[in-house]
Amino acid sequence: MLRTITFKLRLTNQDREALSKTMRAYAEAFSISAKWGYDNQSWNRVDNHNATYKLTRQSIPDLPSSLVQGARDCACEALKAVKCETLPERKPLSAMRYNQRVITVNLIHGLASIASTNGRIKATFFVPSHYRDYLSWTIKSSTISYDRRNKTFYLHVSLEYNDPEKVANLEVLGIDRGIVNIAVCSDNTFYNSKQIKNRRARYAYLRKELQSKGTKSAKRKLKRMSGEERRFVTDVNHCISKQIVNSEYTVFALEDLSKIRVQKRRGKEFDRKLNNWSFYQLEQFLGYKAEALGKHVLLVDARYTSQKCSNCGHTYKGNREGSAFRCRKCGFELHADLNASRNIAQAGISCLSRLPSQPAKCDTIST
Ligand SMILES: [Zn+2]
């Protein structure tokens, strides 16, 4: 399996300058190769190399030869994509692909040594603790990109790992995601510690205070706080997903939230956004971690999971009142989230046949 993880690079101003210059030089090398390919109606790399390499090295002597070759390969791919019908163009600060000869990435210490037109430059980056899982993976290639909006350079590292053997026994766990309880599982596990609850309440309170002030400094604080809160939620989601996938269960059933309007629950726009993002993130983390263990994640139809009785199947809106579920037909009573998680587990069991043909999950992760 392949994955790409992204880091923000920390660079001195001088090195930022060097990296932008390298990007521009890379774009220039790309243009030379693209033009030759277009003029000669060919996307053959060897021919392109023979025709352009010397010229490119002469006109851009500072660009390391591996990057000249990288730019040429990019140009040939672009020519192939348009079948040489148009001249491929490249923005001066587009992402550059680096092979292992021109970049050294150390994921343990968060260090990168990157070839540039000014020689090797050193960059550092923060490696979140949950990325430790990737230390045993093999780095295949790296890309450096630049985001104009926040004036930041990013390092994207593509990693590969042997696919684990898929588990044969399918034991389904239903997981209900929510706001009060982050996750409630059909095996009666509730994920919501007091500490998480308190911290979320504190953020909600501070946010309200700052929003009502509306001053410039309050807005700044609000922005900083929302970053802090997101990181906190990310950590919580990592912890919970790790515990869940390491349980004895092998198939994790979740509601497919993409098909319904996620939140009817009351709340400020900001809360709603954060919650939707958090639900989706938990799903992603479960997916990655399950895949690495040869386990599965199944998305099931989310309709009626909260109104349906997990005991007799009777579906009625009035069965649920807040966190209490009581079936009007058979009298079955249970915590509403737990009842929902059992329905999700049942839905998961009934669509187990979908598993072998599951579409591949998106393979890009960001923090
Ligand atoms: Zn019932």
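Is Asp301 buried, exposed or partly exposed? Asp301 is partly exposed, with a relative accessible area of 44%; buried means under 20% relative accessible area, exposed over 50%, and partly exposed in between (1.4 Å probe, protein chains only). This is a predicted model, in which local features need pLDDT of at least 70 and side-chain atom pairs count only at pLDDT 80 or more, while totals for chains, interfaces and linings use all residues. Residues are numbered from 1 along each chain as its sequence is written, and side-chain values use heavy atoms, with hydrogens and water left out.

**The open sheet**

- Five strands form an open sheet with mixed pairing, in the order β10-β9-β8-β11-β12; strands (E, at least two residues) and helices (H or I, at least four residues) are DSSP runs, numbered from the N terminus.
- The edge strands, β10 (190–191) and β12 (296–300), each pair on one side only; two strands pair if DSSP finds at least two bridges between them.
- Strands of a sheet pair through backbone hydrogen bonds, either parallel or antiparallel.
- Strand β11 (residues 251–255) runs parallel to β12 over five bridges, and Leu254 has Leu299 in β12 as its bridge partner.
- Strand β8 (residues 172–177) is joined to β11 by four bridges, again in the parallel sense, and Gly174 stands opposite Ala253 in β11.
- Strand β11 is largely enclosed by the rest of the structure, because five of its five residues are buried.
- In a regular strand the side chains alternate between the two faces of the sheet.
- On one side of β11 lie Val251, Ala253 and Glu255, and on the other Phe252 and Leu254, all of them buried.

**The antiparallel strands**

- Strand β2 (residues 96–98) pairs with strand β6 (residues 138–147) in the antiparallel sense over three bridges, and Tyr98 has Ser142 in β6 as its bridge partner.
- Nine bridges connect β6 to strand β7 (residues 152–160), also in the antiparallel sense, and Thr138 stands opposite Glu160 in β7.
- A hairpin is formed by β6 and β7 with four residues between them, and Lys151 in the turn has a positive phi of about 50°.

**Salt bridges**

- The structure holds 13 salt bridges, each defined as a side-chain nitrogen of Lys or Arg within 4 Å of a carboxyl oxygen of Asp or Glu.
- Arg45 forms one of them with Asp73, the closest N and O atoms being 3.6 Å apart.
- Arg45 lies in helix α2 (residues 45–59) and Asp73 in helix α3 (residues 65–81), so this pair ties together parts that are 28 residues apart in sequence.
- Arg45 is partly exposed at 40% relative accessible area, whereas Asp73 is buried at 15%.
- Glu160 and Lys140 form a salt bridge, with 3.5 Å between the closest N and O atoms.
- Glu160 belongs to strand β7 and Lys140 to strand β6, so the pair ties together parts that are 20 residues apart in sequence.
- Asp301 and Arg303 meet through their side chains in a salt bridge (2.6 Å, N to O).
- Salt bridges that share partners join Arg45, Arg72, Asp73, Glu77 and Arg97 into one network.

**A buried helix residue**

- Ile344, found in helix α7 (residues 336–350), is buried, with a relative accessible area of 0%.
- The C-alpha atoms of Ile344 and Thr305 are separated by 6.6 Å, although these residues are 39 residues apart along the chain.
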